[in-house]
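Here is a short tour of one protein model. Follow each stop in the sequence and in the 3D view.

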Amino acid sequence: MLFLIIKVQAPKMLWLLLHLLSLSDLESEQWRLQSSRGRKCDLTPPTTKMAPPVEHEDSCEQEEAAEEPKTPKIRDTPEDIKLEAIANTIAFHPSQDILAAGDIDGDLYLFSYSCAEGANKELWSSGHHLKSCRKVLFSGDGQKLFSVSKDKAVHIMDVEAGKLLTRIPKAHKAPINALLLVDENIFATGDDEGMLKVWDVRSGTSFMDLKQHEDFISDITIDQDKRTLLTSSGDGTMGVFNIRRRRFELLSEFQNGDLNSVCIMKRGRKVVCGSGEGKIYIFNWNGFGATSDRFAVQAESVDCIVPITDSILCAASTDGVIRAVSVLPNRVLGSVGQHAGESIEEIARSRDTRFLASCAHDQLVKFWDISSLPDTRVSDYRRRKKRDRRLKALSNKAFDTGQDFFAGLLDSTEENRNKEDEEEEEEEDSDSGSD
């Protein structure tokens with residue numbers, strides 16, 4: 001019976017055994033395939049997996065390199081500043097790289113300047129003056145900007161904010177032409193009719209009103225003791241005023257042309273005036289009545305002078321040339337720069353005596369490198385004058401229009417040469433005096 005059962009069930013058991021063996025083979029094959037796939041994944045080169053991040057990092061580095069700004073070119077001097085109108089006046093800030101300018105439309109501008117190319121920037125502008133702005137000056141601490149105008153008003157601006165702090169309307173009966181800051185509280189102004197006023201900022205009123213000149217007051221300066229105030233005038237005289245005693249002292253003798261500028265040099269022992277006839281007049285201190293020396297600088301006029309050292313000054317002229325001039329010994333050292341064919345209105349020296357700025361009728365404010373002038377030594381030995389009158393270039397930007405620009409400075413007639421010989425004799429006599 002058992003044999004029959006086994007015999008009957010044997011085919012079924014055999015079938016079941018074969019079925020189990022086939023399932024085992026199938027699972028083995030699946031396991032083999034999965035293992036082979038795993039080995040293939042493990043054998044995949046790591047660089048293939050990391051390729052996308054590496055490419056991303058490279059693209060990021062390229063973008064960063066493209067975004068990095070190029071290093072600006074450094075120049076010897078700041079770039080020229082182009083204005084919308086002719087500038088009458090400019091002034092350097094006493095402690096920062098900032099320049100102020102006033103134009104014939106009555107607008108004031110404040111610029112930051114730098115030797116980096118494209119770094120000059122306008123900080124603010126103001127149009128409070130109704131007519132031409134004629135003079136701007138920073139206060140000693142650099143926080144205020146004073147300005148005077150043809151509209152007869154005095155304005156005091158906040159330098160940082162560019163806002164008007166104080167306005168003195170109708171400060172003069174005539175248009176104001178000259179301005180001097182004596183100290184933090186006192187300033188002086190001069191107008192087109194020869195009136196001099198000295199003001200107290202705290203009260204906003206003048207405490208000294210004197211009219212001694214018959215024509216416009218062109219410039220004002222004061223000695224280190226803040227006692228003696230000096231004025232130059234279009235009537236050809238220099239005025240002397242005692243600011244402490246609030247009184248007029250004297251007028252110098254009349255000169256042949258207008259006196260357009262005045263400054264004190266030689267450690268306070270000499271007063272120098274520039275004239276409209278192209279000459280420089282020198283007065284002894286406490287000898288203001290008459291000139292002690294005079295010499296021609298071969299310019300159409302001397303409209304503005306700025307002391308660079310105790311013995312060297314820069315003089316601007318209507319012929320567009322800025323000359324470096326030695327005082328005692330009296331020499332024209334050369335050309336610092338020029339506005340080709342344009343009359344120069346004013347020049348100013350930076351606080352570190354590195355730059356000289358100039359404004360002219362070409363509506364440009366230009367910067368000139370004068371860092372070498374303080375080290376210039378002038379010999380007392382007098383060489384015979386050259387007939388061609390060509391000026392020596394004292395900066396890299398001088399003579400940028402070529403020497404032909406100075407062809408008008410050449411003398412072509414024997415009459416002029418004889419006149420120069422006479423002036424040479426006068427200069428030799430003046431140079432023989434002590435400084």
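## A polar contact at Asn88

A polar atom of the Asn88 side chain lies 3.1 Å from the backbone oxygen of Cys133. That is a polar contact (a pair of N or O atoms within 3.5 Å; within protein, one must be able to donate a hydrogen and the other to accept it, and residues adjacent in sequence count only if both atoms are side-chain atoms).

The model is predicted: local features need pLDDT of at least 70, side-chain atom pairs count only at pLDDT 80 or more, and totals for chains, interfaces and linings use all residues. Residues are numbered from 1 along each chain as its sequence is written, and side-chain values use heavy atoms, with hydrogens and water left out.

Asn88 sits in strand E2, residues 87-92. Helices (H or I, at least four residues) and strands (E, at least two) are DSSP runs, numbered from the N terminus. Is Asn88 buried or exposed? Asn88 counts as buried, because its relative accessibility is 15%. The cut-offs are under 20% relative accessible area for buried and over 50% for exposed, with partly exposed in between (1.4 Å probe, protein chains only).

Which residues does Asn88 touch, leaving aside its neighbours within four places in sequence? They are Gly102, Asp103, Ile104, Ser132, Cys133, Arg134, Glu345, Glu346 and Cys359. Contact here means heavy atoms within 4.5 Å. Ile347 is 259 residues from Asn88 in sequence, yet the two are 9.9 Å apart in space, C-alpha to C-alpha.

## The sheet that holds E2

E2 belongs to an open sheet of 4 strands, in the order E2-E3-E4-E5, with antiparallel pairing. Its edge strands are E2 and E5 (121-126), and each pairs on one side only. On average, neighbouring strands of this sheet are turned by 20° against each other, direction ignored. Axes are lines fitted to C-alpha atoms, for helices over the stretch in contact, and angles run from 0 to 180 degrees between N-to-C directions.

Strands of a sheet pair through backbone hydrogen bonds, either parallel or antiparallel. Two strands count as paired if DSSP finds at least two bridges between them. E3 (residues 98-103) and E4 (residues 108-112) run antiparallel and are joined by 5 bridges. Ile98 has Ser112 in E4 as its bridge partner.

Strand E10 (residues 176-181) is mostly covered, with 5 of its 6 residues buried. E10 pairs with E11 (residues 186-191) in the antiparallel sense, over 5 bridges. Leu181 stands opposite Phe187 in E11. How many residues does the hairpin from E10 to E11 pass through? The link has 4 residues.

E18 is also mostly covered: 6 of its 7 residues are buried. It pairs with E19 over 6 bridges in the antiparallel sense. Val262 in this pairing stands opposite Cys273 in E19. The E18-E19 hairpin has 4 residues between its strands, and Lys266 lies in the turn.

## Backbone details in loops

Two residues have a positive phi although neither is a glycine.

A cis peptide bond joins Leu328 and Pro329, with omega about 5°. Pro329 is in the loop between E24 (321-326) and E25 (331-338).

## Aromatic rings

A search of the whole structure finds 9 aromatic pairs. Rings of Phe, Tyr and Trp (its six-membered ring) pair if their centres lie within 6.5 Å; planes under 30 degrees apart count as stacked, over 60 as edge-to-face and the rest as tilted. One of the pairs is Trp285 with Phe288: the ring centres are 4.9 Å apart and the planes stand at 85°, so the pair is edge-to-face. Trp285 is partly exposed, with a relative accessible area of 23%. Phe288 is buried, at 7% relative accessibility.

Which residues do ring pairs link into a cluster? They are Phe92, Tyr113, Phe355 and Phe367.

Lys397 lies over the face of Trp368, at 4.8 Å from the ring centre. A charge sits over a ring if NZ of Lys or CZ of Arg is within 6 Å of the ring centre and within 35 degrees of the ring normal.
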